[in-house]
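Here is a short briefing for your next look at this protein.

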Amino acid sequence: MKAYLDNAATTPIAPEVVQEMIPVMQDAFGNPSSTHAFGREVRAKIERSRRSIAKMLNVTPGEIIFTSGGTEADNMAIRCSLKTMGLKHAITTDIEHHAVLDTMEDVCRLEGVKLSKVRLDEKGYVDMSHLEELLKNNERSFVSIMHANNEIGNKIDLAATGDLCEKYDAIFHSDTVQTMAHYPFDFSQLKIHFATCSAHKFHGPKGIGFLYMNKGLNIPSMLTGGGQERGMRAGTENVYGIVGLAKAMEIANSHVEEHIEHVKGLKFHMIDQLEAQIPGVKFNGDPKGDALYTVLNVSLPPNEKSGMLLFNLDIMGIACSGGSACSSGASLGSHVLGGIHADPNRQAIRFSFSRYTTKEEIDYAIEKLVAFYKEH
Ligand code: PLP
C-alpha cells in the first residue's frame with residue numbers, strides 16, 4: 001500500500017491535462033512569436049488559455065502574465081515593484097514561503113528599503129492591528145502576505161487585508177500559490193495588486209504558473225531579451241505548460257465545491273482519529289479554524305524515536321513532509337514553525353491532500369502513525 005500525502009509539495013498531473021497537452025507537443029510546434037500560420041496557431045492556444053484563466057478570476061486577459069511558476073511570479077512582483085516604484089518600506093511575515101521571504105530580504109538590502117515583519121499569534125494568524133500600525137507609521141509600503149501558509153495551512157482574510165492596504169495607499173502582493181484553483185476567486189472585488197499561481201499545486205504541469213498583475217500598474221520585465229507577454233516576460237513561452245495550466249484550472253474550478261467537501265471530510269477524519277488514538281497529539285496552526293482544507297500539520301508529543309518517524313513512514317510507502325521548529329535559529333528546521341514559536345521538542349508532520357486522496361490512504365497513514373507511537 002502506498003499513500004501520497006504530500007500534495008502541498010506537488011500534485012499528480014490529471015490525465016485530462018496530459019491529454020490536452022499531448023497534441024500541442026506533437027503537432028503545434030510553431031514559435032508563437034512567428035507571424036506565419038504555424039506560429040499563429042500556437043499563439044491562438046496561448047491566448048485562449050489566458051482568456052479562460054482571466055474569465056475564471058474575473059479579470060482581463062492582459063492582467064495574466066505567464067511565468068515558470070510561483071517562485072518566478074513572486075520574484076517578479078516583489079523585485080520589479082520595489083525597484084521601480086521607489087518604495088522605501090516593505091512589510092511581510094516570518095512564515096512566508098522562501099520565494100517571498102528571501103526575495104524581500106534580498107531586494108530590501110539591495111535597494112535600501114526598510115523591512116518590517118507583522119506580528120503573528122501562536123496559531124500563525126496575522127495581527128491586523130499591528131499591520132495597521134506599520135502601515136500608518138511608515139512611508140508608503142509594499143506588503144507581501146501569503147493567502148495561505150503551505151506548512152500549517154493558516155489563511156488570511158484577503159479582502160480585509162486588501163482594504164487595509166488600500167486605506168494607506170500600499171501596494172499589496174499575496175502569494176496565492178496554495179489557494180489558486182483550490183477556492184473560487186473574484187479579483188475584481190479584491191483590492192489586490194499582485195497574486196501568484198503555480199499549476200503543479202492543482203494537478204497541472206510543473207514549471208508553469210502566472211502572475212496576476214492589476215492593470216493599473218506599470219512595472220518593467222524582470223527578464224530581458226524578448227517582447228513576449230506584452231513585454232512583461234522575455235523568452236519563448238512554455239506553450240504546453242500554458243495549455244495544461246488552463247485545463248487544470250478549468251477542471252478544478254468547475255468542481256471546486258465538490259473537491260472541498262471531499263478533502264475537508266478526509267482532513268477532519270484524520271484529526272478525529274489522531275486525537276482519539278495518540279494521547280497528547282496537537283496540531284500546528286488552526287486546522288479547525290480558517291485554514292486550508294488541503295493541509296494538516298500534526299504536532300507529536302516528544303518521543304526519543306520521533307527523529308526516525310519520517311523515515312519509517314517513507315519505508316511504509318507514506319509520503320508526507322516533516323520538520324520541527326529550529327531551536328538554535330541557525331540549525332535546520334522549519335522557519336514557519338520557528339515563526340510561530342512552536343515547541344522545538346515536538347516532531348511535526350505535514351500531511352497534505354488533494355481530490356485524488358482516498359480514505360484508504362488516510363486510514364493507512366493513521367494506522368502506521370498510531371502504531372509507531374504505541375511501539376516506541
Ligand atoms: N509559494 C508557496 C506558498 C508554495 O507552496 C510554493 C511551492 O512550494 C511556491 C511559492 C513556489 O512555487 P513553484 O514551485 O511553482 O516555484
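This is a predicted model: local features need pLDDT of at least 70, side-chain atom pairs count only at pLDDT 80 or more; totals for chains, interfaces and linings use all residues.

The ligand sits in a shell of 13 residues, and the protein buries 85% of the area that the ligand would expose alone. Among the helices, α7 takes part in a crossing with α1 and in another with α2.

**Who surrounds the ligand**

- Of the 13 residues around the ligand, the ones that come nearest are G70, T71, D175, S198 and K201.
- Sorted by class, the shell holds 8 polar residues, 3 charged ones and 2 nonpolar ones.
- Helix α3, which spans residues 70-84, supplies the largest share of this shell, with 3 residues.

**Polar contacts and burial**

- S198 places a polar side-chain atom 2.6 Å from an oxygen atom of the ligand.
- K201 has an N or O atom in its side chain that is also 2.6 Å from an oxygen atom of the ligand.
- For H200, a polar side-chain atom lies 2.9 Å from an oxygen atom of the ligand.
- Taken alone, the ligand exposes 390 Å², and 85% of that is buried by the protein.

**Helix α7 and its two partners**

- Helix α1 (residues 15-26) and helix α7 (residues 239-254) have axes that come within 9 Å and cross at roughly 155 degrees.
- Angles over 145 degrees count as roughly antiparallel, so α1 and α7 fall into that group.
- The crossing in which α1 passes α7 is right-handed.
- Helix α2 (residues 37-57) also brings its axis within 9 Å of that of α7, here with a crossing angle of roughly 30 degrees.
- Angles under 35 degrees count as roughly parallel, and α2 and α7 are therefore roughly parallel to each other.
- The α2 and α7 crossing is left-handed.

**Helices α8 and α11**

- The axes of helix α8 (residues 256-277) and helix α11 (residues 359-375) come within 10 Å, crossing at roughly 20 degrees.
- That angle makes α8 roughly parallel to α11.
- In passing α11, α8 makes a right-handed crossing.

Terms used. Residues are numbered from 1 along each chain as its sequence is written. Side-chain values use heavy atoms; hydrogens and water are left out. A residue is near a molecule or strand if one of its heavy atoms lies within 4 Å of it. A polar contact is a pair of N or O atoms within 3.5 Å; within protein, one must be able to donate a hydrogen and the other to accept it, and residues adjacent in sequence count only if both atoms are side-chain atoms. Accessible areas come from the Shrake-Rupley method with a 1.4 Å probe; for residues, only the protein chains shown count as cover. Helices (H or I, at least four residues) and strands (E, at least two) are DSSP runs, numbered from the N terminus. Ala, Val, Leu, Ile, Met, Phe, Trp, Tyr, Cys and Pro count as nonpolar, Asp, Glu, Lys and Arg as charged, and the others, Gly among them, as polar. Axes are lines fitted to C-alpha atoms, for helices over the stretch in contact, and angles run from 0 to 180 degrees between N-to-C directions. Angles under 35 degrees count as roughly parallel, over 145 as roughly antiparallel, 65 to 115 as roughly perpendicular and the rest as oblique. A crossing is left-handed if the near helix is turned anticlockwise from the far one by less than a right angle, and right-handed if clockwise.
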